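Let's take a walk through this structure together, one site at a time. Have your viewer ready and follow along.

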Amino acid sequence: MDTFDLHPDLVPAFHAILRKARRIVVFTGAGASAESGIPTFRDAQVGLWHRFRPQDLATPEGFLRDPALVYGWYEWRRAKVAAAEPNAGHRAIAAWAQTRDVTVITQNVDDLHERAGSSRVIHLHGSIFAARCFDCGAAYKLPPPSVDAAGTGEAMDPPRCAACNGLIRPGVVWFNENLPQREWAKAEELCRTADLLLCIGTSGLVYPAAGLPQVAAQAGAPIAQINPEATDLDALADFNIRGTAGKIMPRLVAAAMQG
Ligand SMILES: NC(=O)c1ccc[n+]([C@@H]2O[C@H](COP(=O)([O-])OP(=O)(O)OC[C@H]3O[C@@H](n4cnc5c(N)ncnc54)[C@H](O)[C@@H]3O)[C@@H](O)[C@H]2O)c1
Ligand SMILES: [Zn+2]
């Protein structure tokens, strides 16, 4: 395993893999959107929310216990996402696809990869913009966010389903819930056939998504990781690049395109 700072071009073995790789899978987590101002769960513990753990805010049990608390948290996050812009990392990934077969598998519920121009994006954890009824599953069309994205949010009663009067919930995958089956199958297949897996801004703690790098490793793909901090994926990765997505990705993609 190689660990290096900011200079992917200084590690010849990695540079060679980058230039040769044709089928690339980019696996992103909350850190990929951090430089767009979308807080990771850890950073989202501000204001009203500092007393709550992700388990209180991102589980079906937490939602049923206190729907207004959970719904308000997601409305605040939806406003933040709507007000945010893709960062240099998202844009570099999109640019890479002009010369390579690049697919993004993301754990993020935002749409910043798409807005940066990536056309092949698999969302393992749903979308913050797709709401549905907790009881009958009917889709619910959300109005534009009414919350101040610059504020710290507040509790808000969820709307009710027109069909069954059930509570409306965000269309994200919570802890203790299953991943969407089709997306998961496609993600596994992509990891089995990739020439290179790049993990960006994910702590590697949230399963089953965190198992994808193992699928790629078993299939023999080299694995590189971009993260300013050490993570649970360090031991599995062949190359650990310590830095942020917005700083590293433009350089990495520029180096890849030299080949
Ligand atoms: N933007 C979003 O949609 C969003 C935001 C927060 C959490 N989530 C959800 O929370 C769960 C948490 O798992 P996770 O692994 O995605 O996130 P995580 O919060 O567990 O880990 C974030 C990782 O990003 C790293 N990081 C921070 N800033 C970075 C940067 N600028 N560049 C690169 N890396 C950076 C951190 O060191 C950390 O390892 C996911 O399931 C996801 O669905 C989504
Ligand atoms: Zn309903």
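**A metal site and a covered strand**

Along the chain, the donors of the zinc ion (ligand 2) follow the spacing C-x2-C-x24-C-x2-C. Keep in mind that this is a predicted model. The coordinating atoms are the SG atoms of C133, C136, C161 and C164, at 2.3 to 2.4 Å. How are these four donor atoms arranged around the zinc ion (ligand 2)? They subtend angles of 98 to 116 degrees, so the arrangement is tetrahedral, given that all angles have to lie between 85 and 135 degrees for that label.

Now pick out C136 and C161, a pair that links distant parts of the chain, 25 residues apart. C136 sits in the loop between β5 (131-133) and β6 (139-140), while C161 belongs to the loop between β6 and β7 (168-169). Are they buried or exposed? C136 counts as partly exposed because its relative accessibility is 43%; C161 has 7% and therefore counts as buried.

Next, turn to strand β8 (residues 196-200), where five of the five residues are buried. In a regular strand, side chains alternate between the two faces of the sheet. Here both faces are covered: L196, L198 and I200 lie on one side, L197 and C199 on the other, and all are buried.

Definitions and conventions: Residues numbered from 1 in each chain as written. Chains lettered and ligands numbered in written order. Predicted model: local features only at pLDDT ≥ 70, side-chain atom pairs only at ≥ 80, totals over all residues. Heavy atoms only, no water. Donors = N, O, S within 2.8 Å, 3.2 Å for Na, K, Ca; no water. Tetrahedral: all angles 85-135°; square planar, octahedral: opposite > 155°, others 65-115°. Helix = DSSP H or I, 4+ residues; strand = E, 2+ residues; numbered from the N terminus. Buried < 20%, exposed > 50% of the residue type's maximum accessible area, 1.4 Å probe, protein only.
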